[in-house]
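Subject: Handover of a structure and the findings on it

Dear colleague,

Please find the structure below, together with its sequence. My notes on what was found follow directly after it.

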Amino acid sequence: HARLVSNPVERAKVQMEFAGRRLEEAKTASPEHTIEAIQRFSKDVKVAQKTLKQGSDPVQIQAAATVIAQKAQEYEEILQEAKVRPGREVGVAAIEEAEKTLKELKEVKEEVAEATNVLEETDEVQKGDEPLEDGEVGL
């Protein structure tokens, strides 16, 4: 269970794994259960995104953001496949849900990418700071 992982960054990665399991369920579910599985997938992705924001270690956040972005890309491809399957196979409503979830997933990827860029910029500023002389106090 993701709640057993105390580190928010690690928990976000676990939650993203759970999201992938929901997507796998959607691939094999009956049309009426496909929508529910996709909705649970979407919820899990949002929870992972929110949890990642709770992290405090920039290095861990950046590493997790990379993993989450990779997972999001994989999941996006799976959703694209579901979208092109015939409507009678997955149901028209499931295809619409997949399209909606694809948009949300793209937003997650963009937000994670922005967070990674901010962390990289912050890291560059910190690296560029001049060393303090003996007796000086940094602010």
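Valine 47 has a relative accessible area of 33% and is therefore partly exposed; buried means under 20% relative accessible area, exposed over 50%, and partly exposed in between, computed with a 1.4 Å probe on protein chains only. Its place is in helix H2. Between valine 47 and methionine 16 there are 31 residues of sequence separation, and their C-alpha atoms are 8.4 Å apart in space.

Please note that this is a predicted model, in which local features need pLDDT of at least 70 and side-chain atom pairs count only at pLDDT 80 or more, while totals for chains, interfaces and linings use all residues. Residues are numbered from 1 along each chain as its sequence is written, and side-chain values use heavy atoms, with hydrogens and water left out.

The protein holds five helices and zero strands, and from the N terminus on its elements run α-α-α-α-α. Helices (H or I, at least four residues) and strands (E, at least two) are DSSP runs, numbered from the N terminus. Of the 139 residues, 35% count as buried.

Helix H1 covers residues 8-28, which is 21 residues. From its first C-alpha to its last, H1 reaches 31 Å, close to the 30 Å expected at 1.5 Å a residue; the expected span is 1.5 Å times one less than the number of residues. Among the buried residues of H1 are Val9, Met16 and Leu23.

Helix H2 has 22 residues that should span 32 Å at 1.5 Å a residue, and this agrees with its end C-alpha atoms, which are 32 Å apart. Buried residues in H2 include Ala37, Ile38, Phe41 and Val45. Proline 31 is also found in H2, and with a relative accessible area of 30% it is partly exposed. Proline 31 and alanine 94 are 63 residues apart in sequence, yet 7.0 Å apart in space, C-alpha to C-alpha.

How do H1 and H2 pack, and at what angle? Their axes are 8 Å apart and the angle is about 170 degrees; axes are lines fitted to C-alpha atoms, for helices over the stretch in contact, and angles run from 0 to 180 degrees between N-to-C directions. H1 is therefore roughly antiparallel to H2, a label given to angles over 145 degrees. By class, this contact has 15 nonpolar, four polar and five charged residues. Ala, Val, Leu, Ile, Met, Phe, Trp, Tyr, Cys and Pro count as nonpolar, Asp, Glu, Lys and Arg as charged, and the others, Gly among them, as polar.

The count of aromatic pairs comes to one, where rings of Phe, Tyr and Trp (its six-membered ring) pair if their centres lie within 6.5 Å. The pair is formed by phenylalanine 41 and tyrosine 75, at 5.5 Å centre to centre and 80 degrees between the planes, and is edge-to-face, a term for planes over 60 degrees apart. Phenylalanine 41 lies in H2 and tyrosine 75 in helix H3, 34 residues apart, and the pair thus links distant parts of the chain. Phenylalanine 41 counts as buried at 0% relative accessibility, and tyrosine 75 counts as buried at 5%.

Yours sincerely

Conventions:
Angles under 35 degrees count as roughly parallel, over 145 as roughly antiparallel, 65 to 115 as roughly perpendicular and the rest as oblique. Rings of Phe, Tyr and Trp (its six-membered ring) pair if their centres lie within 6.5 Å; planes under 30 degrees apart count as stacked, over 60 as edge-to-face and the rest as tilted.
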